[in-house]
Structures are given as C-alpha cells and as structure tokens.
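Let's walk through this one together, piece by piece. Have the sequence and the model open side by side.

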Amino acid sequence: MIQNHSIPILAVADTAFFFDLDGTLTGIEAHPERVAIPIEIKQALCKLSATANGAVALVSGRSVAELDSLSTPFHGPAAGSHGAERRDARGKLHRVTLPTTLSTTLGRELRQAIATFDGCHVEEKGMAFALHYRQGKQYKDQLLALIHQIVYRHPELVLQSGKCVVELKPAGVNKGTAIKDFMQEAPFAERTPLFIGDDLTDESGFKQVNALQGISIKIGAGSTVAYYHLDDVNQVQQWLLSLVK
C-alpha cells in the first residue's frame, strides 16, 4: 500500500486515539522489562486524554498491569495481551481466559521445550504465552514449529507473530477486536479512530481503523495496510508533543 507521510490535521475533540507502546511510544529493548516511556511522553498522554475527554487508550501485547506501571501518571482505557484483556473507560476489566488446566499444562510444556534454547524465555500472561527470542534468533524456526504443533492440538488457540516474539493466545481476539469494542462505547463512539503501531500484531488494528474510515499509522519499515507512515519512535514522540501544545 502507498503510504502518506503527512498525517492529516486532527480535531482532537472528534478523534479517538489508540497507541501501541513498544516500538511506538518508546523504543524496543532487548529485555522488555528495561523499557521506559519518557516522562514528557507520559505527560503528553495525560494532556491529550484531558483534551479528548478520555478518548485515549493504550493497545499492546503487554498486560494491562504492565501498561499502567509503564505509563503512570497516565491511567486510562487499555487493551492488553493483544485484546485478551481490556479495561474500558468506566474501569471495568473484560478478560478472555484459558482454562486453568490448559494454561498450567501449556506453561509446563513450553518451559520444558525451550529449556535448552539459550537466549529464549517464556512469558506467561495468564490468558496467553509469549516466547521471546531476541537473544536467540537462531531458534525462530523451532519456536514457530513448536507453536504450530500446539495450535494443531488446540484449535481454540492461535499463533501471533511479532518482532522477535511468537505468541500463543485465544482465537478470535486481537488488537482490532479491542479497538472495535472501544469504538462502540463512550467516549470513543462517534469519533474518528486513529491507531499508531509498528508491528505485525498491529495490522489487525490498522484493518479495523481502515474499516471505520479512520487514520492508521505504521511506524518503521515493512509491509502494512496502514494508510500513513512515520519513520521511527522519535517522530511519533515529536508528533504527540506537537499535538498537545
């Protein structure tokens, strides 16, 4: 798709804002726990939320609890684990969970399977599992084969690929479904949706925003269905700061 580098002028009061976090609001780190959002960006989110009457949400692969920890003092609607958990504007948490027995079995199986894969680790999210291989990229094909085998045995699960991570999550939920749900509720309803993301996991969000005739913005290189483009995190941060001035 041909992308436009010039993001249109926005009427903040008429826009619903959705932001990915890693690779969008802040850079990607080799160790996800080392990620930090600059304080001026967190303050900008607070200002934007106040101006937009609360129509600002984080939509991420991280858990809602992680999003809160990383974005404080901003605290608003959020979708975590690629839509498997979602906190609406009223503060109600909606979660799609795996059966306890299945979650326990999968966690044990995944940990055992990658025990010898140096640089790889399993992140257990309760409703999903993420296999990180940024420090063990040579194991990518084996990790994908492992996840494909599990999905074959458990069709209620799907594979979600990202940047140096492959995830196992419930079928039927993604960032697009989370944005769709937000857009049916106040204060997002009847606004033009805008979603900014950088990864394969954001493509479902771009598709949903496009279907609603909104503004989809891809960060960095790579094939995408997004209509607009920014080069890197620095451009996102500068755009956000200029928006709230």
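Where is the place of S81? S81 sits in the loop between β3 (78–80) and β4 (85–87); helices (H or I, at least four residues) and strands (E, at least two) are DSSP runs, numbered from the N terminus. Residue numbers start from 1 along each chain as its sequence is written. This is a predicted model, so to speak of local features takes pLDDT of at least 70 and side-chain atom pairs count only at pLDDT 80 or more, while totals for chains, interfaces and linings use all residues, and side-chain values use heavy atoms, with hydrogens and water left out.

Setting aside neighbours within four places in sequence, S81 is in contact with S60, G61, R62, S63, K125 and M127, where contact means heavy atoms within 4.5 Å.

Now move to the sheet. Four strands make up an open, antiparallel sheet in the order β6-β7-β9-β8. Its edge strands are β6 (121–124) and β8, each pairing on one side only. From one strand to the next, the twist averages 20 degrees. Two strands count as paired if DSSP finds at least two bridges between them. Strand β8 (residues 157–162) is joined to strand β9 (residues 165–170) by six bridges, and Q160 has E167 as its bridge partner in β9. β8 and β9 form a hairpin with two residues between them, and C164 in that turn has a positive phi of about 60 degrees. On to β7 (residues 129–132): four bridges join this strand to β9, again antiparallel, with V166 in β9 as the bridge partner of L131.

Stay on β7 for a moment, at H132. H132 is buried, with a relative accessible area of 14%. Not counting residues up to four places away in sequence, H132 touches P32, G119, C120, H121, E123, C164 and V165. C164 in that list is the turn residue of the β8–β9 hairpin.

What lies across the sheet strands β7, β8 and β9? That would be helix α4 (residues 140–153), which runs at about 160 degrees to β8; axes are lines fitted to C-alpha atoms, for helices over the stretch in contact, and angles run from 0 to 180 degrees between N-to-C directions. With 14 residues, α4 reaches 20 Å from its first C-alpha to its last, close to the 20 Å expected at 1.5 Å a residue (the expected span is 1.5 Å times one less than the number of residues). Its buried residues are L143, L146, I147 and I150. Seen down the axis of α4, these fall within an arc of 95 degrees, so they line one face of the helix; the arc is that of the directions from the helix axis to the C-beta atoms. An α-helix has 3.6 residues a turn, so residues three or four places apart point the same way. The face of α4 turned away from the buried side carries the exposed residues D141, H148 and Y152.

The buried residues of α4 pack against α3 (100–113), β7, β8 and β9. L110 is buried, with a relative accessible area of 0%. Beyond its neighbours within four places in sequence, L110 is in contact with V122, F129, L131, L146, I147 and I150.

Finally, the cores. A nonpolar core is a set of buried Ala, Val, Leu, Ile, Met, Phe, Trp, Tyr and Cys residues joined through side-chain atoms within 4.5 Å. In the largest one, of 46 residues, F17, F18, F19, I217, W239 and L240 touch the most other members. Apart from it lies another core of 20 residues, among them L131, Y139, L157 and L168.

One more helix deserves a look: α6 (residues 203–211), which is mostly covered, with seven of its nine residues buried. Those buried residues pack against α5 (175–182), β10 (192–197) and β11 (215–219). Just after α6, Q213 takes a positive phi of about 60 degrees.

Conventions. Buried < 20%, exposed > 50% of the residue type's maximum accessible area, 1.4 Å probe, protein only.
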